[in-house]
Each structure stands twice: as structure tokens, then as C-alpha cells.
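Entries go in as I made them.

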Amino acid sequence: MNNNDQYFKTDDETATVIDADQHWVTVELAEKDTCHSCGAKMICRPNSTGKRILKIRNTINAKVGDTVLIEQIGANQLKLTIVQYGLPLFGFLFGVLIANRFIKHSIFGIPADIVQMFCGIIVVILTGFVIYFWSKRKAKSGFNVFRLRQTLNGKFE
């Protein structure tokens with residue numbers, strides 16, 4: 001295995017704290033070559049400046065100007081991905097398959113296939129509510145995908 005492969009590098013990044021209070025820090029991360037093709041721009045570029053910015057819980061008492069090491073929590077990212085993408089997908093499939101088992105003929109002139117698809121869509125909408133309340137509960141419990149690991153010496157360049 002090639003250790004220079006970008007997919008096997010550590011998930012740590014350095015950043016500069018640009019705003020801090022006792023509970024949260026806002027950090028600015030350095031631009032990388034892969035940023036232009038990344039699908040997570042809405043997470044790390046929340047404003048119109050185009051800079052990579054994250055708001056993270058201040059677990060290490062970081063101050064404005066500090067250079068910090070940020071770690072991605074893989075297990076939490078996996079949980080989040082499964083809930084946000086897997087649950088609606090499996091819900092849709094489950095809704096269509098259950099509807100296919102019970103709906104064999106057209107209803108009110110609507111073909112059975114279309115009714116089955118609508119049943120899948122209804123299940124996706126219901127899972128959306130489940131995801132919404134799960135997300136609210138997790139946010140209150142301190143669920144994070146990123147965390148501060150340590151403060152580094154020197155300024156971020």
C-alpha cells in the first residue's frame with residue numbers, strides 16, 4: 001500500500017482559531033488542492049468568503065490566534081451518514097416492497113406501480129421526521145463529527 005495515497009492519510013488538520021468563547025471556537029482551515037472537488041463545502045464553507053471555516057466545541061480552552069489540531073471522528077461520521085442517507089434509502093425500498101406485496105391493482109385509476117412509489121415516498125417523508133428528531137437529540141447530547149485535539153505552538157501559515 002502506498003503511504004502517499006491521499007485516502008490513507010490521517011484525518012487531522014491544523015487550523016487557526018478566529019473566534020472563541022468558553023463553549024465554541026470558530027476555526028479557519030488552510031485551503032487544500034482537493035477542496036474544489038469536495039462535496040462537503042457547505043460544512044466547512046458556511047459563509048461567502050470562500051474560506052474553510054468550522055465551528056467546533058471548545059474542549060481544550062483554545063484562544064483566538066491559537067493554532068489547533070482538528071480531528072475527524074470517523075465513528076460519528078459513519079453514524080451520521082447511515083442515518084442521513086441509509087435510513088431514507090432503506091425506508092424507500094421498504095415502503096415500495098411492502099406496497100408491492102399488498103397493492104396489486106390500480107387504485108382510483110392510478111397504476112399499482114405509481115401507488116407503490118408514492119408509498120415509498122411517504123416512508124421517506126416519515127423517516128425525515130425521525131431523522132429531524134434524532135438530529136435534535138444528538139445535538140443536545142454533544143454529538144460531533146469534528147473535535148479539537150490539541151493546541152500547537154506557532155502560528156498557522
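Below are my notes, from the overall layout down to single residues.

**Entry 1: layout**

First reminder to myself: this is a predicted model. I counted elements and got three helices and five strands in the chain. Reading from the N terminus, I wrote the order down as β-β-α-β-β-α-α-β. The chain has 157 residues, and 25% of them count as buried. I also looked at how far contacts reach along the sequence. Taking contacts between residues at least 6 apart, 70% join residues at least 24 apart.

**Entry 2: nonpolar cores**

Which residues make up the largest nonpolar core? I found 11 of them: Ala15, Val17, Val25, Val27, Leu29, Leu54, Ile56, Ala62, Val68, Ile70 and Leu148. I then checked where they come from: strand 1 (12-20), strand 2 (24-29), strand 3 (52-57) and strand 4 each give at least two residues to this core. Strand 2 has the largest share, with three residues. Apart from this core I noted another one, of five residues, including Val83, Ile131, Trp134 and Val145.

**Entry 3: helix 2 against helix 3**

Next I went to the helix pair. For helix 2 and helix 3 (residues 112-140) I have an angle of about 150° and axes 7 Å apart. How do the two helices run relative to each other? Angles over 145 degrees count as roughly antiparallel, so helix 2 and helix 3 are roughly antiparallel to each other. I logged the crossing of helix 2 past helix 3 as right-handed.

I listed who makes the contact. Helix 2 brings Leu80, Val83, Gln84, Leu87, Pro88, Gly91, Phe92, Gly95, Val96, Ala99 and Asn100. From helix 3 come Gln116, Met117, Cys119, Gly120, Ile121, Val123, Val124, Thr127, Val130, Ile131 and Trp134. Val83, Ile131 and Trp134 were already in my notes as members of the five-residue core.

**Entry 4: a closer look at Met117 and Val96**

I picked one residue from each side of that pair. Methionine 117 sits in helix 3 and is partly exposed, at 35% relative accessibility. Leaving aside neighbours within four places in sequence, I see methionine 117 in contact with Phe92 and Val96. Its C-alpha is 9.1 Å from that of asparagine 100, 17 residues away along the chain.

Valine 96 is in helix 2.

**Entry 5: salt bridge**

How many salt bridges does a search of the whole structure find? I got one. The side chains of glutamate 71 and arginine 147 form it, at 2.6 Å from N to O. Glutamate 71 is in strand 4 (residues 67-72) and arginine 147 in strand 5 (residues 146-152), so the pair ties together parts that are 76 residues apart in sequence. Are the two partners buried or exposed? Glutamate 71 is buried, with a relative accessible area of 18%, while arginine 147 is partly exposed at 38%.

**Entry 6: Asn76**

I stopped at asparagine 76, which lies in helix 2 (residues 74-102). Buried means under 20% relative accessible area, and asparagine 76 is at 14%, so I put it down as buried. Beyond its neighbours within four places in sequence, asparagine 76 is in contact with Phe143, Asn144 and Val145. Val145 had also come up in the five-residue core.

**Entry 7: positive phi**

Asparagine 61 has a positive phi of about 55° although it is not a glycine. I placed asparagine 61 in the loop between strand 3 and strand 4, and it is exposed, with a relative accessible area of 52%.

Phenylalanine 108 also has a positive phi, near 55°, and is not a glycine either. Where does phenylalanine 108 lie? I found it in the loop between helix 2 and helix 3. Phenylalanine 108 is exposed, at 85% relative accessibility.

Terms used. Residues are numbered from 1 along each chain as its sequence is written. This is a predicted model: local features need pLDDT of at least 70, side-chain atom pairs count only at pLDDT 80 or more; totals for chains, interfaces and linings use all residues. Side-chain values use heavy atoms; hydrogens and water are left out. Helices (H or I, at least four residues) and strands (E, at least two) are DSSP runs, numbered from the N terminus. Buried means under 20% relative accessible area, exposed over 50%, partly exposed in between (1.4 Å probe, protein chains only). Contact means heavy atoms within 4.5 Å. A salt bridge is a side-chain nitrogen of Lys or Arg within 4 Å of a carboxyl oxygen of Asp or Glu. A nonpolar core is a set of buried Ala, Val, Leu, Ile, Met, Phe, Trp, Tyr and Cys residues joined through side-chain atoms within 4.5 Å. Axes are lines fitted to C-alpha atoms, for helices over the stretch in contact, and angles run from 0 to 180 degrees between N-to-C directions. Angles under 35 degrees count as roughly parallel, over 145 as roughly antiparallel, 65 to 115 as roughly perpendicular and the rest as oblique. A crossing is left-handed if the near helix is turned anticlockwise from the far one by less than a right angle, and right-handed if clockwise.
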